[in-house]
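This briefing covers a predicted model. Please read the points below alongside the sequence and the structure.

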Amino acid sequence: MSGSLSPTEFRVPPVDAVALEARTADLATRSIKKDAKVQGLKLAIAMMDLTTLEGMDSPGKVRQLCQKAVAPLPARTDIPSCAAVCVYPDLVKIAAQAVAGSGVRVASVATGFPSGRTDRRTKLREVELAVRAGASEIDMVIDRGAFLSGRYGAVYDEVCAVKEACGDAHLKVILETGELKTYDNVRRASRIAILGGADFIKTSTGKVSPASTRPVALLMLETVRDHYLETGKMVGVKAAGGIRSAKDALRYLVLVAETCGDAWLSPEWFRFGASSLLNDVLMQLEKQRTGRYQRGTDFSTD
Amino acid sequence: MSVSVRKTYKLYVGGKFPRSESGRVFQPAGNEAVNVARGSRKDLRDAIGAARKGLATWSGSAAYLRGQILYRIAEMLASRRDGMVQELRLGGLTPAAAQKELDNAIALTIWYAGLCDKALSLLGSQNAVQGPFFNFSTIEPTGVIGVIAPDKPALVGTLALLLPLLVGGNSVVALVSSHAPFAGLALGEVLAASDVPAGAVNLLSGHRDELAKEFAKHRDIDGLLVSGPPDAELTEAAADNVKRVRFCNLSSAAWSKVERLRSLSWVEPFVETKTLWHPVAP
């Protein structure tokens, strides 16, 4: 079955790369200070999917990460919890136990993350098992092999199938924009994922460089906005990988607000996938509170 | 025909020569036609970030290599003699005084280069203990050290504070002379050509009144070496993260005596002693 949707549905207008990058650079110059900065940084924490996706992950490491997601800075109750923790499927059960009752959700990568090079049945089974183990969000990767060889219908069908396998769990579709090479491809992949039923479209796995870049995020936000204007249906965006500084996070929030509007400025519609970003945000918040630049070793590493 | 090139004096941070992020410049007294980058609090923050990275590289390199690199600093100072003398004269020195200060700077650098691979033996020890154990004390760098260099001498003042810290394996963020920042900043060009790893030494110029307290407040600085008389305000601000603070109050006569400036006692305040126990093999 190659495409239960007409191939014309996947056509997208070409991207003006120069204008896209110029607008991104322009929006990056906005200065956000004092109260607005504190609000923005707290929002960034509330939008964060605290992530560990390493071969050496252990149950202990995941429990520690969960604790950090629930109470990023235990002494300061005004700092919100993260939105979710993001782990490999075999650690979902441990994460679910660790965050139980806290409001922090468990996201699991699936479908042969990060390359996506397994067959359809294995992918669907992996999704089912992750959901059964307690994942309320699934981060799938698209089949870049199929996409780059022009088999858009196959990519669309796979997103549809995974969406069905997710049941009530939210589906985030990872485009891995670093492998898509062109902005036009990013826009087309975004459209395919949205049509396939994605609740979120996500930039990257974090395993390929470049990971999330601001022009790509802006482009995905524009695609989401266009879809909303066309159909009235909201889709979320997750920027993942390579976002390490608080300043960078604020720049992403500016892109969200300027492109999609305030409605998207919530963990329900925008997420950061990150691990080291959290500490930099915490350090900036403490800097705002105490007036002193902080030292990294005063903050827990996981 | 020679073309005169007007130089803008820039900071030296992370191995690069940026202007101040604030865009500000100042004109040191007597040199109203020369623009020098006026470093800000955020330049200091960036420099400390660079120094934190540079610390790993510098303290991780072998003492012998550190000695070689320090020796190369002396080589570079010597091969740029005319240029450095020019910078010193811009700071108000007579030709003879500038030559003398550069000689002192080179002598000082050579001495500390030689000390690099000996400091461990001189400051460490094997200790007598009760029981069948070897007991060693060894030294480790304190970390990222902030330096507030004296206004005079512009070059030797910066080097005399900087070199012992480098011998100890520390990385440094230094505020050079406010009155005559030229030679201090030109030192950055020498360091960049000497294989000093990026970030191991960072040089800022600006107003001491504005920046000294920011050095003291920043929690990611591990120690502070300040020229001039003890300053209770700085000490108090530095207490927040228990920074080690030393004041170095020398007369101008003392600053011009190289013998006075080269001593193991300049290295000692900014190293930490670690003691190890090891069982004696039967």
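A:E179 and A:R144 form a salt bridge in this predicted model, with 2.8 Å between the closest N and O atoms. A:E179 lies in helix 8 (residues 177-180) of chain A and A:R144 in helix 6 (residues 144-148) of chain A, so the pair ties together parts that are 35 residues apart in sequence. A:E179 is partly exposed at 26% relative accessibility, whereas A:R144 is buried at 5%.

**Other salt bridges**

- Over all chains, the count of salt bridges comes to 40.
- In chain B, B:E87 forms a salt bridge with B:K7, and their closest N and O atoms are 3.0 Å apart.
- That pair links distant parts of the chain, 80 residues apart: B:E87 belongs to helix 3 (residues 81-90) of chain B, and B:K7 to the segment before strand 1 (25-26) of chain B.
- B:E87 counts as buried because its relative accessibility of 11% falls under the 20% cut-off.
- B:K7 has a relative accessibility of 33% and counts as partly exposed.
- Salt bridges with shared partners join A:D49, A:R105, A:E137, A:D139, A:K172, A:K202, A:K238 and A:R271 into one network.
- Another salt bridge pairs A:K61 with A:D57, with 3.8 Å between the closest N and O atoms.
- A:K61 is partly exposed, its relative accessible area being 23%, while A:D57 is buried at 13% relative accessibility.

**Surface patches**

- A patch of positive charge on the surface gathers A:K33, A:K34, A:K247 and B:R41.
- B:R41 is placed in helix 1 (residues 41-60) of chain B, and with a relative accessible area of 33% B:R41 is partly exposed.
- A nonpolar patch on the surface is formed by B:F134, B:F136, B:L276 and B:V280, which together have about 300 Å² of accessible area.
- B:F136, one of the residues in that nonpolar patch, lies in strand 4 (residues 133-141) of chain B.
- B:F136 is partly exposed, at a relative accessible area of 31%.

**Overall form of chain B**

- Chain B contains eleven helices and ten strands.
- The radius of gyration of chain B is 19 Å, close to the 19 Å that the globule rule gives for 282 residues, so chain B is as compact as a globular protein of that length.
- Along the principal axes, the C-alpha atoms of chain B fill a box of roughly 80 × 40 × 35 Å.
- Of the 282 residues in chain B, 50% are buried.

**Sequence separation and distance in space**

- B:Y112 is in helix 4 (residues 95-115) of chain B and is buried, with a relative accessible area of 0%.
- B:Y112 and B:S263 are 151 residues apart in sequence, and their C-alpha atoms are 8.7 Å apart in space.
- In chain A, A:T297 and A:A217 are 80 residues apart in sequence, with 31 Å from C-alpha to C-alpha.
- A:T297 sits in the segment after helix 12 (277-290) of chain A and counts as exposed at 68% relative accessibility.

**Cis peptide bonds**

- A:F113 and A:P114 are joined by a cis peptide bond, with omega about 0°.
- A:P114 is in the loop between strand 3 (105-110) and helix 5 (120-133) of chain A.
- A cis peptide bond also joins A:S209 and A:P210, where omega is about 0°.
- A:P210 is in the loop between strand 6 (200-202) and helix 10 (214-231) of chain A.

- A:E176, a residue other than glycine, has a positive phi near 50°.
- The place of A:E176 is the loop between strand 5 (170-174) and helix 8 of chain A, and A:E176 is buried with a relative accessible area of 0%.
- B:D195 is not a glycine, yet has a positive phi of about 70°.
- The loop that holds B:D195 runs between helix 7 (181-192) and strand 7 (201-204) of chain B.
- B:D195 counts as exposed because its relative accessible area of 59% is over the 50% cut-off.

Methods: Residues are numbered from 1 along each chain as its sequence is written. Chains are lettered from A and ligands numbered from 1 in the order in which they are written. This is a predicted model: local features need pLDDT of at least 70, side-chain atom pairs count only at pLDDT 80 or more; totals for chains, interfaces and linings use all residues. Side-chain values use heavy atoms; hydrogens and water are left out. Patches are made of residues with over 30% relative accessible area and no salt bridge: like charges are joined within 9 Å, nonpolar side chains (Val, Leu, Ile, Met, Phe, Trp, Tyr) within 5 Å. Accessible areas come from the Shrake-Rupley method with a 1.4 Å probe; for residues, only the protein chains shown count as cover. A salt bridge is a side-chain nitrogen of Lys or Arg within 4 Å of a carboxyl oxygen of Asp or Glu. Lys and Arg count as positive and Asp and Glu as negative; His and the chain ends are not counted. The place of a charge is taken as NZ of Lys, CZ of Arg, CG of Asp or CD of Glu. Helices (H or I, at least four residues) and strands (E, at least two) are DSSP runs, numbered from the N terminus. Buried means under 20% relative accessible area, exposed over 50%, partly exposed in between (1.4 Å probe, protein chains only). The radius of gyration is taken over C-alpha atoms; the globule rule is 2.2 Å times the number of residues to the power 0.38.
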